[in-house]
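The entries below follow the order in which I looked things up.

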Amino acid sequence: MKRILTLDEFILQRQKDFKHASGELTALLRDIGVATKIINNAINKAGLLNILGAADQSNTSGDDVQKLDIYSNDLLIDCMKSSGQCAGIASEENEGIIPISGVHDVSSKYVMVTDPLDGSSNIDVNVSVGTIFGIYRRLSDVDGPCNVNDFLQKGTELVAAGYVLYGTSTMLVFTTGNGVNGFTLDPSIGEFCLSHPNIRIPQTGNFYSVNQGYYLKFPTGVRRFLSHCFEEKRTLRYIGSMVADVHRTLFKGGIFTYPYTSDKPGGKLRLLYECNPMSFIVEQAGGVAIDCHGNRIMEQEITELHQKTSIAIGSPDIVEEMNGFIERFKGQ
Ligand code: P6P
C-alpha cells in the first residue's frame, strides 16, 4: 500500500530544494501548518462556539472584521512565535507590523505577510474561506527587531507563499520557488498529506471569475473582454473568496480578475498579503498574474503595507487574451 507523505516529511525531504536551504524555513512552514490546523478546527465548529458574526470593528482596509478573523489572526501570531524563525508579521488585520521578539535565542531570518482569513464575508454562510501567507527573508539585522522595510519587498523577493482553503476538504497549497504542491488535511490523523504533487495550471480554460455587479464601473477593455467571454459561452463562477476562486482557476484553468473600477481606481485586493503570494503560486504552476494595466503583479513596487491593486490571474492564454482587450481599449 502506498504510504502517504505528510507535510513535515515532504518539507524535510525537499529541504535541499529550498532556495535558502535551511532548517529555519522548514520550521516556519511547520508553524504555519500547525496554526492553520487549529484555525480549521475553529471554523468547523464556529457555529457551535458562537464565534461567528461581526466583531463590531473594521480593519485598516475598511473591511468589516468578523470574530473568526480576529481569532485566526491572533492564533497565527502566537504560532509563529513557537519556532522563533519569524521576526515579524504584516497582517490584513493589523495597521502596522507586528515584531516578534526572538525566542530560544534564535535569530529569526524571515518575516511573514498574511491575510489570516480571506473571504471573511462568507464565513457566516458556510462558504469556503482561506488563509494566505507569504515569506520574505528579512533585510534588517537578524540580531535586532524587524522593521517595515522587511515587508515592503516586491513579490519577486518571496521565498515561499501558500494558502489554506477551508472548503469541502481543507487543503494547503504552497511553493518555495520549485513548483507547487497540494496537501489535504486528513482529520483522522491531523496531518496535511501530499495529495496534489507538482500542480500545473491548464494553459487555457473555460471559467472566468469576476464580480459582474461592478460591470458598468469597469474600464472599457475589461467590459469588452467580459462580453467576449459571454459571447464565447464560457462559464462564470464567482465565490467571493479570492482563495477559493484562485484555487478553482489553478485546477480548472481560466481566469480570476478583480479589476479597478471608476470608484476604486486602485482596485480592492491587497498587493502584499493577497495578490503577491497568490501570484507567486500561480506563476510557479505555469500561470500568469498581472494588474489591469498589463503590469506583472510580482514586479510592482510596494510603498505601503495595505497597498491595493487590480489583478487578473490564471491560465496564460486567457490572461493574455484579457490583456489584449485592455491594450486595445486603453484610455477609453
Ligand atoms: P467583492 C474577500 O472580502 C475579498 O477580500 C476577496 O477574498 C474576494 O475575492 C473579494 O474580497 C470579494 O470582493 O467586492 O466581490 O465582495
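**Backbone entries**

I began with Asn198, which I found in the loop between strand E10 (191–196) and strand E11 (207–209). Since the model is a predicted one, I take every value here as computed from it. Asn198 has a positive phi of about 50°, although it is not a glycine. I noted this because most residues other than glycine have a negative phi.

I then turned to Lys233, whose place is in the loop between helix H4 (220–231) and strand E12 (235–236). Lys233 also is not a glycine and has a positive phi, here of about 60°. Is Lys233 buried or exposed? Its relative accessibility is 70%, and because exposed means over 50%, Lys233 counts as exposed.

**Helix entries**

For helix H5 (residues 242–252) I looked up the burial of each residue, and I recorded the helix as mostly covered, with nine of its eleven residues buried.

In helix H3 (residues 67–79) I picked out Ser72. Its relative accessible area is 0%, and because buried means under 20%, Ser72 counts as buried. Leaving aside residues up to four places away in sequence, I found that Ser72 touches Ile39, Pro116 and Leu117.

In helix H7 (residues 316–328) I looked at Asn323. With residues up to four places away in sequence again not counted, Asn323 touches Ile290 and Gly294. I also checked Asn323 against His293, which is 30 residues apart from it along the chain, and their C-alpha atoms are separated by 7.8 Å.

**Aromatic entries**

How many aromatic pairs does the structure hold? I recorded six aromatic pairs, and I followed up the one made by Phe10 and Phe174, whose ring centres are 6.4 Å apart and whose planes stand at 90°, so the pair is edge-to-face. This pair links distant parts of the chain, since Phe10 is in helix H1 (residues 7–13) and Phe174 is in strand E8 (residues 170–175), 164 residues apart. Both Phe10 and Phe174 are buried. Together with Phe183, Phe10 and Phe174 form one aromatic cluster.

**Whole-chain entries**

I put down the span of the C-alpha trace along its principal axes as about 60 × 50 × 45 Å.

Of the 332 residues, 55% count as buried. Among contacts with a separation of 6 or more, residues 24 or more positions apart account for 64%. The chain exposes about 13900 Å², and carbon and sulfur atoms supply 49% of that area. For charge I noted 30 positive and 38 negative side chains, with the centres of the two sets lying 6 Å apart.

Conventions
Residues are numbered from 1 along each chain as its sequence is written. This is a predicted model: local features need pLDDT of at least 70, side-chain atom pairs count only at pLDDT 80 or more; totals for chains, interfaces and linings use all residues. Side-chain values use heavy atoms; hydrogens and water are left out. Buried means under 20% relative accessible area, exposed over 50%, partly exposed in between (1.4 Å probe, protein chains only). Contact means heavy atoms within 4.5 Å. Accessible areas come from the Shrake-Rupley method with a 1.4 Å probe; for residues, only the protein chains shown count as cover. Lys and Arg count as positive and Asp and Glu as negative; His and the chain ends are not counted. The place of a charge is taken as NZ of Lys, CZ of Arg, CG of Asp or CD of Glu. Rings of Phe, Tyr and Trp (its six-membered ring) pair if their centres lie within 6.5 Å; planes under 30 degrees apart count as stacked, over 60 as edge-to-face and the rest as tilted. Helices (H or I, at least four residues) and strands (E, at least two) are DSSP runs, numbered from the N terminus.
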